[in-house]
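Hi everyone, thanks for coming. Have a look at the structure on the screen, and I'll walk you through a few parts of it.

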Amino acid sequence: MRYLPLTSSDRAEMLAAIGAPSIDALFADVPEPARLQGPLDLPRAMGEIEVERAISSMAARNVAAGSVPFFIGAGVYRHHIPAAVDHLIQRGEFLTSYTPYQPEIAQGTLQYLFEFQTQVALLTGMEVANASLYDGATACVEAVMMAGRITGRRKAVLSGQLHPHYREVCETYARFVGFAVDAQHPIPGGEDLAALVDRDTSCVVVQNPDFFGEVRDYSELAQRCHEAGTLLVIVVTEILSLGAIRAPGEMGADIVAAEGQSLGNALNFGGPHVGLFATRDKFVRQMPGRLVGQTTDAAGRRGWVLTLSTREQHIRREKATSNICTNSGLCSLAFTIHLALLGETGLKRLACLNHAAAVKLAERIEAVPGVRLVNRAFFNEFAVRLPRPASEVVDRLAERGILAGVPASRFYPSRNELADLLLVAATELTTDADIDRLEGGLREMLS
Amino acid sequence: MNDWSRAVSARRGDDLAPPIDSVTGNRGLQIEEALIFEQDSPGHCGVDLPEPAPFRSRLGGLERQGPIGLPGISEPQIVRHFTRLSQKNYAIDTGLYPLGSCTMKHNPRLNEKLARLPGFADIHPLQPVKTVPGALALIDTLAHWLKTLTGLPAIALSPAAGAHGELCGIMAIRAALEARGDRRARVLVPESAHGTNPATAAACGYAVDPIPADETGRVDRAALEAKLGTDVAALMLTNPNTCGLFEREMIDIAAAVHAAGAFFYCDGANFNAIVGRVRPADLGIDCMHLNLHKTFSTPHGGGGPGSGPVALAASLAPYAPLPWIVHGSDGLELIEHKSGPAEHSLGRLKGFHGQMGMFVRALAYMMSHGSDGLRQVAEDAVLNANYLRARLADDLSLPFPGVCMHEVLFDDRFLKDTGVTTLDFAKALIDEGYHPMTMYFPLIVHGAMLIEPTETESKALLDWFISVMKRLAAVARAGDAARFRSAPEFTPRHRLDETAAARKPVLRWRPEPARREAAD
């Protein structure tokens, strides 16, 4: 077997050195009834050629986004990833290293995580960011739990325009961890969240752009939350939007929980992605996840270490701020490299291209009879109402090789009032020809 | 001493000429690399993007004003920056990485190639299900392998890492208890457990009740049984445990746990020791997470992403988190809501469908080995660890007698009165070209050194490593503590001041202090 270096003579010599008569002797502690006598009923070893053939044939049965006009977003966005990103993250020194617990031989990982933390803080307009969490949805629930620790209150008010998966993750944790969630109904339009804040409200969670793509100013909500001693959590599922719209920090957010997939990370059928988490300096000791800090070495030179680990499970055990151990290291590296390549001007240009593509798309499909744009303001994704159930339209267009967007009913199958709602996204990869195909398809289907 | 270790020790001799002062701060391949923020060349960009055609903004007047503060750098500088950073890392690709309990084994590159196929990497989780039958088939095939290997009938694939899998498992246990109207307050966790175990139990609202180890390094069964009662929700036990030992009484422990009406959670972080040789279900467990980034070789990536599927007994399967993939009349179906067969699901634990990129890698790994090869994986991992144990037994100190599984635990008695600590010893190992073992864990032995070589190391490499360990132990006994305390010397940085880092945290770059520092 190509991955196993020991030869049979090695094995014999090693058993002799150990003084064991056979390999079975090393498994003698396994109770008799649990010892398997031979290989399980699974395929036997295969060479690269056979494995590649078998797995490639599964991949070939899927419709890759890049092969069709593609307008799906709803929390995962298809962007161009510069070639240098994937090359660099595959360097073995990054790919095959562990969590940087031995800082003298992990300065590479530690330094890029410090750069990542800085980039996330700058993008979100916050003071401090951690070294990533699993994904946006888990970052969101970690924010809610952190708000509970800070305020000593147990109820989170969730906007109806929060991504439904994020809401559902909060509801799951709420049940088992023991906090309350007051989740609003999804209504593409306004809601008065401040009116729901009471003395037991730890935080209000909103999303920007919201699940239906609407770009909102939460400054006033932030102020009203703060007057009530409640924290404002702003969720961002399209991190690229922060190259174009006002940062959550400027709007008064106390915690930002975001999905960073759009920078450097492929769609990957939904994972792995990278959770971003930023807050104010004063809350840093309540943060979940790993943090990299600057320090000096014995020779007085600047260097980096994991720090404030007294918050973490491997030190604090049952008193930790979170049970999280692994994060999204390599995905955060991809994020860091992509954003470093873009820089200030590239990020703003890329965000502008996304918005321009979405504006063009909106103008074209708004003009299709029966289609009504829901949004007042949007970034690269918006919602439209169709004269027919959106899921039907999406399925029929998929048959014609167009992936038109996400019907809201995928998330809310029992809400009839959302049955005609379709989420549509455009990015820098959306071409005029793609838009022509979607517009044409919609005209044909809705006429 | 062999030739090789003589060469290494000669490097430290006083007969070497002292180095001249560095002009650049760089020494050979040790290059000082500034932060990207200190390499800003405003206006530069590493990506060429077209100018957008004129359009009417629809941002509702919420345009971002002013600079964000991101540096501008061209592509060649970026490639060099991150390449240089990579060279400051130790990695499996560069050497033995014997971190106990972390399973740093070779990461096959075929797996990387396959995970990047557009049919997996470039598909969206919300595409119409009919456009992704191959993705569902891959997930279902992976599930079949994991169910067969564990012997458990169901598998929850969405957890993003081992700790997330633990959370999933304990939530499922609590859901099952609640479904039978049974509120319980305590979770039993051995003192040798990973920190994630007590953290997980506490996060799910349980009081953590620690169980001591017996004199053989295994859970103290009498103490365990004394603590079992009708308010115990679960036992969380790692097997093989974190001392690298198989819990011989697993089957009896399972019976006792079940007799008390509790569930048996097994931490599967060390499944690599028994994969293909033991099905955990045959030991009586109800629930176990699998770290795909340990047993099944998906890369650790400097700390993630991981993937932590949870195998579930029939009693827990109805509570598995969303989404579910089930065999329907029309092929595989994706269930994304609490309805139909998933009516009692505990709900969603993360966005979308799990770590697909890791699923592809793990399946490629399992198919490459096959059921015969996976059994060989466990055998070679255990053989390598026992070889280290046997060859180092007289030089280091073993806290527990007998054979070990995939990792071998030493304590610091062999360093008694030398003035050298476990930490010093680990740092000295770095200077000899090796990543240290896991230090000070598990907590139940003093100055723990937990060594896990994995099955992907050759005998020749292990022999080198053994000679270095023996030599270091001899140097320590000979009284050269200073050498240990100053280690590591041949690294991009010497020991770092972690206390200062925590006292006054600097967690991001800021323009002003950095400029001052540059001027210094």
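Let's start where the two domains of chain A meet: 29 residues of domain 1 of chain A are in contact with 24 residues of domain 2 of chain A. Please keep in mind that this is a predicted model. On the domain 1 side, α12 (329-366), β11 (381-385) and β13 (421-425) of chain A each supply at least two residues. Which of the elements gives the largest share of that side? That is α12(A), with eight residues. If you sort the domain 1 side by class, you get 19 nonpolar, six polar and four charged residues.

Now let's pick a residue on α12. Phe335(A) lies in this helix. Is Phe335(A) buried or exposed? It counts as buried, because it has 29 C-beta neighbours inside 10 Å, and the cut-off for buried is 20 or more. Leaving out residues up to four places away in sequence, Phe335(A) touches Phe116(A), Gly260(A), Leu263(A), Gly264(A), Asn265(A) and Val274(A). Take Phe116(A) from that list: it is 219 residues from Phe335(A) along the chain, yet their C-alpha atoms are separated by 7.7 Å.

Helix α12 also turns up when we look at the other chain. The contact between the chains takes 168 residues from chain A and 173 residues from chain B. On the chain A side, the largest share again comes from α12(A), this time 22 residues. That side divides into 95 nonpolar, 43 polar and 30 charged residues.

Last stop, the sheet. Chain A has an open sheet of seven strands with mixed pairing, in the order β1-β7-β6-β5-β4-β2-β3. At the edges stand β1 (128-129) and β3 (180-183) of chain A; each has a single partner strand, so one side of each is left without a neighbour in the sheet. Further in, strand β2 (residues 155-158) of chain A runs parallel to strand β4 (residues 201-207) of chain A, and four bridges join them. For example, Lys155(A) has Thr201(A) in β4(A) as its bridge partner. Packed on this sheet is helix α8 (residues 164-178) of chain A, which touches β2, β3 and β5 (231-236) of chain A. The direction of α8 makes about 150° with that of β3(A).

Methods
Residues numbered from 1 in each chain as written. Chains lettered and ligands numbered in written order. Predicted model: local features only at pLDDT ≥ 70, side-chain atom pairs only at ≥ 80, totals over all residues. Contact = placed C-beta atoms within 7 Å. Nonpolar A, V, L, I, M, F, W, Y, C, P; charged D, E, K, R; others polar. Buried ≥ 20, exposed ≤ 12 C-beta atoms within 10 Å, placed from the backbone. Pairing = 2+ DSSP bridges. Axes fitted to C-alpha atoms, helices over the stretch in contact; angles between N-to-C directions.
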